[in-house]
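Let's read a structure together, one feature at a time.

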Amino acid sequence: MKQIPMLDLHAEYKHMQSDIDQAIRTCLEHQKWVLGPEVKELEDSIARYLNVKHCVGVSSGTEALVLSLRALAIKTKGQEYFARQDEIITTPFTFTATGDAILRAGATPVFVDIDPATYNIDPQRISEYLASTAGHRVVGVIPVHLYGQSCEMDKISDIATERNLFIVEDVAQAFGGTWKHEKLGAIGTAGCFSFFPSKNLGGFGDGGMVSTSDDKIAELVRMLLKHGGKDKYNVDHIGYNARLDTLQAAILLAKFKYIDEFNANRAAIAARYTQTLSNVKSIRLPQQLQEAYHVSHQYTINVMDGKRDALQAFLKEKGISSMVYYPLPLHKMTVFLNGRSIASRDLVNAEQAALNVLSLPVEPLQSVNDTLLVTEYIKEFFRKQL
Ligand SMILES: *Cc1c(COP(=O)(O)O)cnc(C)c1O
């Protein structure tokens with residue numbers, strides 16, 4: 001039986017094998033494994049691509065978030081960490097790392113609900129929390145561009161400017177995405193990228209990047225990623241060993257050449273899903289904002305009437321992979337309980353999404369026939385339900 005995976009990293013490697021093999025061979029020749037020339041080359045290439053002043057390679061998307069927040073604490077408060085009463089607003093409907101980074105930087109995450117149409121943080125709910133009595137404790141916002149689509153950045157930027165809040169964009173799922181004509185990661189105070197293998201630009205292991213046009217933030221992140229100082233034998237801050245590997249940078253440089261083409265392929269697959277599934281009544285399709293270039297990291301449908309798990313099981317029987325991102329909103333996770341986080345009002349939209357979402361295969365090299373086959377099985381499932 002034909003199997004359709006969420007992603008086919010073997011096929012992608014074959015597609016770019018000569019570029020990648022050459023990049024790895026170059027590293028084997030020069031043997032500069034730690035902060036070798038490829039790291040700077042990747043940083044400079046991505047800074048140009050995003051149109052920001054600085055990019056700093058780090059060891060993962062999670063560390064990109066932690067180091068950005070730590071740099072902001074040092075810059076804005078003159079302290080190594082935020083205090084527990086410092087609050088940072090984010091979405092409960094994201095990967096664990098977004099909220100975890102806030103805890104690791106010493107602050108308290110405040111979860112506000114999402115817009116059910118886009119699954120992204122609802123700017124209205126940010127404003128509501130800021131207007132509440134606790135609102136004055138908020139120091140910043142982390143919008144997460146979930147599934148590859150930008151949050152409503154005009155509204156979020158206006159709110160942040162008015163209240164003098166920082167914005168750290170979580171761009172882990174949206175490399176190459178835009179809001180109007182700006183690249184994501186170039187809008188906030190800092191942008192945090194992940195090169196985890198399954199991301200739109202993925203390495204052969206862990207990796208990440210911080211983008212910023214703030215000289216001080218860039219300088220602090222650069223210090224924090226290598227033990228906290230400019231001189232590693234006389235350090236200034238409580239640092240980490242969180243460097244991006246030379247080898248990952250070399251592989252990412254080779255893959256970076258393909259990112260626009262691959263993102264366009266993803267968008268075309270998403271468009272075909274939307275076109276083919278638009279008359280299936282029991283599912284709600286992802287809504288695309290006019291102002292955003294959605295790079296379709298995931299194509300996520302909302303399965304109504306409690307049929308999500310049955311549909312997933314049916315597709316599995318037919319050889320079609322699908323995934324639930326995410327089955328549990330952050331405010332329900334053990335690590336965020338017991339006063340470690342604040343849930344603002346109700347988070348009903350996030351809770352509903354966790355029950356109903358299902359992400360379908362979006363492999364940039366997947367054929368039109370494979371995309372259509374997925375949609376055929378989805379239609380067959382709902383015909384059988386009648
Ligand atoms: C993947 C991801 C991260 C973490 O990136 P890692 O490189 O795995 O540490 C953070 N936020 C979101 C939204 C992600 O999808």
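Q: Which strands does helix 5 lie across?
A: In this predicted model, helix 5 (residues 96–104) lies across strand 2, strand 3, strand 4 (138–142) and strand 5 (166–170). Helix 5 runs at about 145 degrees to strand 3.

Q: Which residues of helix 5 are buried?
A: First, the general idea: an α-helix has 3.6 residues a turn, so residues three or four places apart point the same way. Here, Ala97, Thr98, Gly99, Ala101 and Ile102 of helix 5 are buried. The buried residues of helix 5 pack against helix 4, strand 2, strand 3, strand 4 and strand 5. After helix 5 comes glycine 106, which has a positive phi, near 95 degrees.

Q: In what order do the eight strands of the open sheet stand?
A: In general, strands of a sheet pair through backbone hydrogen bonds, either parallel or antiparallel. In this open sheet the order is 1-9-8-5-4-2-3-13, and the pairing is mixed. At the edges are strand 1 and strand 13 (342–343); each has a single partner strand, so one side of each is left without a neighbour in the sheet.

Q: Where can I see a parallel pair?
A: Look at strand 2 (residues 87–90) and strand 3 (residues 108–111), which run parallel and are joined by four bridges.

Q: Which strand pairs with strand 9 in the antiparallel sense over five bridges?
A: That is strand 1 (residues 54–58), which pairs with strand 9 in the antiparallel sense over five bridges. Valine 58 has glycine 208 of strand 9 as its bridge partner. Strand 9 is also joined to strand 8 (residues 190–194) by four bridges, and these two run antiparallel. There, glycine 191 stands opposite serine 211 of strand 9.

Q: Why is strand 9 largely enclosed by the rest of the structure?
A: The general idea is that in a regular strand the side chains alternate between the two faces of the sheet. Strand 9 (residues 208–212) has five of its five residues buried, so it is largely enclosed by the rest of the structure. Both of its faces are covered: Gly208, Val210 and Thr212 are buried on one side, and Met209 and Ser211 are buried on the other. Helix 8 (residues 215–224) lies across strand 1 and strand 9, at about 20 degrees to strand 1.

Q: What is the order of the open sheet of three strands?
A: Its order is 10-12-14, with antiparallel pairing. Strand 10 (283–284) and strand 14 (357–360) stand at the edges, each with a single partner strand, so one side of each has no neighbour in the sheet. Strand 10 and strand 12 (residues 299–303) run antiparallel and are joined by two bridges, with asparagine 302 of strand 12 as the bridge partner of arginine 284.

Q: At what angle does helix 10 run to strand 12?
A: Helix 10 (residues 259–277) runs at about 25 degrees to strand 12, and lies across strand 10, strand 12 and strand 14. Helix 11 lies across strand 12 and strand 14, running at about 25 degrees to strand 14.

Q: Is alanine 313, for example, buried or partly exposed?
A: Alanine 313 belongs to helix 11 (residues 308–317). Its relative accessibility is 40%, so alanine 313 counts as partly exposed; buried would mean under 20%. From the C-alpha atom of alanine 313 to that of threonine 212 is 43 Å, and the two residues are 101 apart along the chain.

Q: Which residues are the closest to the centre of the largest pocket?
A: Here is the idea behind the search: rolling a probe the size of a water molecule over the atoms shows where empty space is left. The largest pocket has a volume of about 520 Å³. It is lined by 27 residues, of which Phe95, Phe196, Ser198, Lys199 and Tyr326 are the closest to its centre. Helix 4 (61–77), helix 5 and strand 8 each supply at least two residues of this lining, and helix 4 gives the largest share, three residues. By class, the lining has 12 nonpolar, 11 polar and four charged residues.

Q: How many cavities of 30 Å³ or more are found in the whole structure?
A: The search finds five. The largest cavity has a volume of about 70 Å³, and its lining includes Tyr119, Leu146, Pro286 and His294. That lining has five nonpolar, seven polar and no charged residues.

How values were computed: Residues numbered from 1 in each chain as written. Predicted model: local features only at pLDDT ≥ 70, side-chain atom pairs only at ≥ 80, totals over all residues. Heavy atoms only, no water. Buried < 20%, exposed > 50% of the residue type's maximum accessible area, 1.4 Å probe, protein only. Pairing = 2+ DSSP bridges. Contact = heavy atoms within 4.5 Å. Axes fitted to C-alpha atoms, helices over the stretch in contact; angles between N-to-C directions. 1 Å grid on protein atoms, 1.4 Å probe; cavity = no way out; pocket = protein on both sides within 12 Å on 5 of 7 lines; lining within 4 Å. Points joined across faces, edges and corners; volume = space filled by probe spheres on them. Nonpolar A, V, L, I, M, F, W, Y, C, P; charged D, E, K, R; others polar.
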